[in-house]
Amino acid sequence: MSTTILLLTLIFPLVGTLINGFWGKHLSKKVSGTIATLAIAASFVTSCLFFAYIQDGEPVKVVLFEWMKFNYFSIDFGFYFDQLAALWLMFITGIGTLIHLYSTSYMSHDENFSKFFTYLNFFVFFMLILVTGSNLAMMFIGWEGVGLCSYLLIGFWYKNQDYNNAAKKAFIMNRIGDLGFLVGIFVTGYLFHTLDFIELKEQSFLAPTLGIATMAFFIAATGKSAQLPLYTWLPDAMAGPTPVSALIHAATMVTAGIFMITRLNFLFDLTPDVQHIIAIIGAVTSLVAATIALVQNDIKKVLAYSTVSQLGLMFLALGLGAYEVAVFHVITHAFFKACLFLGSGSVIHAVGGEQDMRHMGGLKKHMKITYATFFISTLAISGFPPLSGFFSKDEILLTAFHHNTVLWVVASLASILTAFYMFRLLFLTFSNKFRGTEEQEHHLHESPSAMTMPLIILAVLAAVGGLISIPGSSWLNEFLKPVIKNSATLHHHELGTTEYLLMGLAVVGALIGLMVAYFKYIKNKQVPVNDNNVSGLQKLFANKYYLDEIYMLIIVNPLNFFGSFFKKQIDGLINGVVLSFGRVPSELSYQGKKAQNGNIGLYLFAFVIGVCGLLYYLFMCY
Amino acid sequence: MIEILFYILSAVTLGSAFLTILSKNPIHSAIWLVICFFSIAGHYALLNSQFLAMVHIIVYSGAIMILMLFTIMLMNLNISDEIAKPIVTKIIATVCFCLIGFFLVSSLAQTAPALETYTQTGVDFQTIQVLGKVLLNEFVLPFEMAAILLLMAMIGAVLISKKEKKTA
Amino acid sequence: MENVLQQIGIDQYIYLAILLFCIGAFGILYRRNAIVMFMSIEIMLNAANLLLVAFSTYHEDANGQVFVFFTMAVAAAEVAIGLAILVAIYRNIGSIDIDKLKKLKG
Amino acid sequence: MNCIIILLIYVLGAVATLASNSKNAAKIALVTSLINAVIALVLTGEYLNGNDISFTQQWISNPNISLSFVVDGLSLTMLLLTTLLLPIIILASFNTLYSKANQLYSLVLFMAFAMAGTFLAQDGLVYYIFWELALLPIFFIGLLWGSDEWKVRKRVMVTFFMYTFAGSLFMLAAFAYLYTLTGSFAWSDLSKAVLSTKEANYIFLAFFLAYGIKIPVFPFHTWQANTYEKSPTIGTMLLSGIMLKMGVYSILRWQMPIAGNVSENILKTVIIFCIIGIIYASLIALRSNNLKRLLAYSSMAHVGLVAAGAYVGNSTGYQGAIIQMVGHGFVMVGLFYLADIISKRYDTYEIKEMGGIRSQAPKFTTFFLIILFASIGLPGTFGFIGEFTLLFALSEKELLYAVFAGTSIILGAYYMLKMFQNAVLGSTQNKVFAEVTTKEYFVLAVICVVLIGLGIYPKLLTDLFIQ
């Protein structure tokens, strides 16, 4: 496989960025959008070529030059293309192309059109670096780079300071994780004297401090992949344009944490304690986010919490050592969640920027394609067979059941809730009558084909994507074998009665969720009340467990307080001490000056005393 | 005999010095000071340094004291002009006097008495001839300097006490 | 020639000089009339002179007496200048009370 | 070619600038600095080819002082930083019309001379002379061309001068003591001096007072924000871009090699103070309303990390400190230039009076973003290489150091983005913000290219001092 083609995969998005960045303003919107889309599409083509090659080819490592050098090891500026990277390359560029296509239509009225595509291309570029970096430091370039682009895109409508706040919050929350990543890198580098994935895989051994490294990496993952306790930025990140939410905050960037842990599976396998923590955090996050999603009224917020919840399930799988299962769910989730987000974008587009579901409803009639694709994706995420979500989610539940019943119960509960809130979303948006203003109703329309095309493709993928890993004969598991050192899932594939029973239970759970939503929102035609009028558990959910407020109280406020305290009190104090070094002599001399008052008597008196002292010292002191 | 002379002279010296300070009238002070200087000249004579005794009388009792008397009279000072110092100052002055006196005397008392071990060679060292030779050989430069100093003092005194013109 | 110090002893002279010096110092502290203070200074100078002469005799060395000679010259110059200053001051202020002479104080 | 040429040209340039009229002064200064930049690059080439470019001449035989200027990787990097940043700083000052420009630029060149001398001198006393000499021009620049009323400015500048001067005296005492031990001021002799731990402790602390104040390390930092605020922009750039690097450079050159066997406790305490300073300065920057003060504290937070890395004393810390010194120099000059541009347009340094710049000046915003992200160490920029290396050095010593020092990347992002949001983003104000001029574009582009270029290919620089 020629390395030029591989590098072209990375270079295309960068070229797109540079063209749009430097000359975007002089290009027409059509040209600008086309260039950006083509850049990713070209990347997709080369990715496909590589994907075809890697089916039975060897991974390729490309080293461009030595990047950093320390006295006992060096870090290469290099790329590593293997099976895992191939999977991610495929769906990043694939979904990326679709979303770019979608955006050309969605963003067509925006004044900063070319800037949007600059950032979007830049994001894809960094994401590709993240998945193809040959060592941890290279991965970190992508890791922070996607954070940068996420910052730029969330705050894309920069005139609104709320959006800017959301962007800032996302970046800072991610930075907390990034510090974890750095600490992980340091410990790894110190222990194994290399950061290269291939060398790490061969040389890694269990060291006492390895747990710190893996824990630090996990903290990094909780930042990027929005897990407890750092997930709060993701719902806020919905301030960005909807395609951004679809691409970055659903399909690709947030899966970086899963990618990284899968990449480092050999390290995590050595530290089972950390794996337990990952599993627990994943399960808890999935349940917590699902409960919050129950009562959200903003269509994108529901999807955001749903993303957090699904990511939680993936981390559960990772924590149980079932890396392939997590990867499987990443892929299927990318399909249906991207579809859902783009569908919601289509809806928002139709109703003129309204995002509150209480002001929607009855859109079924006006937007048939959107509704159909949305419906398929909802079925997929809820886990109805034989759609993709069923297979991937079920495998996670199966794995959980084999390890720990409690985790299985928690995860199952989260799945049932998922079915409920997704159908709630579907019914509130598309069923019954339209609840918005007259003007909006008049305006309702199906989106143009540039937007519906990606929806259809993604819906199809969401429907059939599960085929890549059917229980029993999993293509994915075979494909990922070289990447994953020891897999925990392989022996689960002999399907027995228990497994079928569990699958049945999961389907029944999803059905329960569906039925409850159906009765509540279609039969009884309920509409959620204002957040201020809810009580009890609902209030807790609606306020997101007061997590933002708690962070405000225990982290942000103390920081601000100490900042002011240091600025006003401590700095003043230190300055006072410093200046007193100057003041003391000057004050002393000022006081001393007073003794020189011209009174000869005083001088003489002092002289007499001095003479007496001297005499005493000289003659009488011994 | 000499001892008695010494004690009498000492008594006169100290007494007249005290009275110089204690007299309210500056003229009286000046007169007591003259007596004091005479008695010191007597001490010099007792110590067999005739030259100094004579110079002392000429310079101090003659020149300096006359100068002082002239000044006092020129200023027409009398008793009422001087406001007595506050009593605290006087006490402090007395304390100082006692302190320094005590410390000087007691530090001297620490040293060994010298009379028993003292011997003399009898060399002539203080007749006018000897002094004149020393003064004009070894100390000729300081001698000339002293002359210049006196000249400068004279010019200075004239310059300072000259009446300023009222132009400024 | 008979040396007086064989009978009286240097100690006596030292005590005398000390007392004379103390009286001079006392006078400066005690009085505020500048001329009397001047006199006190003369007394102190003479105390030193006396001691110099006494030691000159004690060591049978002329140098001490030469120094007394120079001291006298300096004292004469000092008195001349000092009195001139006093006269000038008196002419300007109308008093020679040293407590009033504080114009030089910063 | 010999490295002393650079010093001579700076002096000649200073004299020529002083003799010229106000109009041409800036141009003469720029030409001088450009000539020296080229010479420095040529010298680098010669150094890499293995030619001898050092200069040594006996100056005073008793005490034994020689005018020796030796070039090695460390001093060459610092020389490059000085000579390359100076044209940028001078070009950046073209925005402002200074009165008595000939005197100002003459002082600037003179300061460059002193700083270059400090970086090159290998004789302790000559080094000390240059070290103090660099203080004089900046004192006068701040005093005569600074902002705010004379009385306030004078107090600030005198405090700055006295403070740094007093600290340096301890260093002089240390050199004097070392001279009594070795009979020489030469670096090669001093670094070989065998000191007992007790001696090393005292000498270390004496040096620390001088360098800690200059850098500045918490709690010796109180002069900094005031001085930065009151100085004219050109002075602030010189201070933050080059002058405070003298402190870190001296740690690497003099303090650590000479007093290397200082007791572990002192070393740890000093590192901990550096780390406290990082967090402390970051928190104050968070609450700063004045852009210049915010940048001053952010600078302090960054150099705190550099100093901590330098005090770790292993090879990683050594190279990290050098890398970050260069990176920090460019970043700080860039940031202060951006602040200067804003203040020229909006006539204020108060952040809350700014805003709405992005919609009016997209190019300016892009430059701002690049430099800002370089300052918070985004990978791909040179700031990252430095921070990564420094934090790695700290983690080699003690992982917790790296964790605490690493909070600066979180807090740094916080206060910088907050500032960016309030100063640049937001809705458009009534005030007009003109897009960058060609000159400004050029300066900012050079800084950005350096930061990104070295961020991707740092070997260009690091090969100078890593064997």
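**Chain C and its annotated spans**

Modeller: Happy to! An unreviewed UniProt entry lists "transmembrane region" for residues 12-30, 35-55 and 67-90 of chain C; such annotations may be inferred rather than shown by experiment. This is a predicted model, in which local features need pLDDT of at least 70, side-chain atom pairs count only at pLDDT 80 or more, and totals for chains, interfaces and linings use all residues. Residues are numbered from 1 along each chain as its sequence is written, while chains are lettered from A and ligands numbered from 1 in the order in which they are written.

Residues 35-55 of chain C are 100% helix and 0% strand, with 30 Å between the end C-alpha atoms (helices are DSSP runs of H or I, at least four residues; strands are runs of E, at least two; both are numbered from the N terminus). Residues 67-90 of chain C are also 100% helix, with 0% strand and end C-alpha atoms 33 Å apart. Helix H4 of chain C covers residues 63-93, 31 residues in total. From first C-alpha to last, H4(C) reaches 44 Å, close to the expected 45 Å (1.5 Å times one less than its number of residues). Just after H4(C) comes Gly94(C), with a positive phi of about 85°.

Chain D has an annotation too: the unreviewed UniProt entry gives "domain: NADH:quinone oxidoreductase/Mrp antiporter transmembrane" for residues 122-407. That span of chain D is 79% helix and 0% strand, and its end C-alpha atoms are 37 Å apart.
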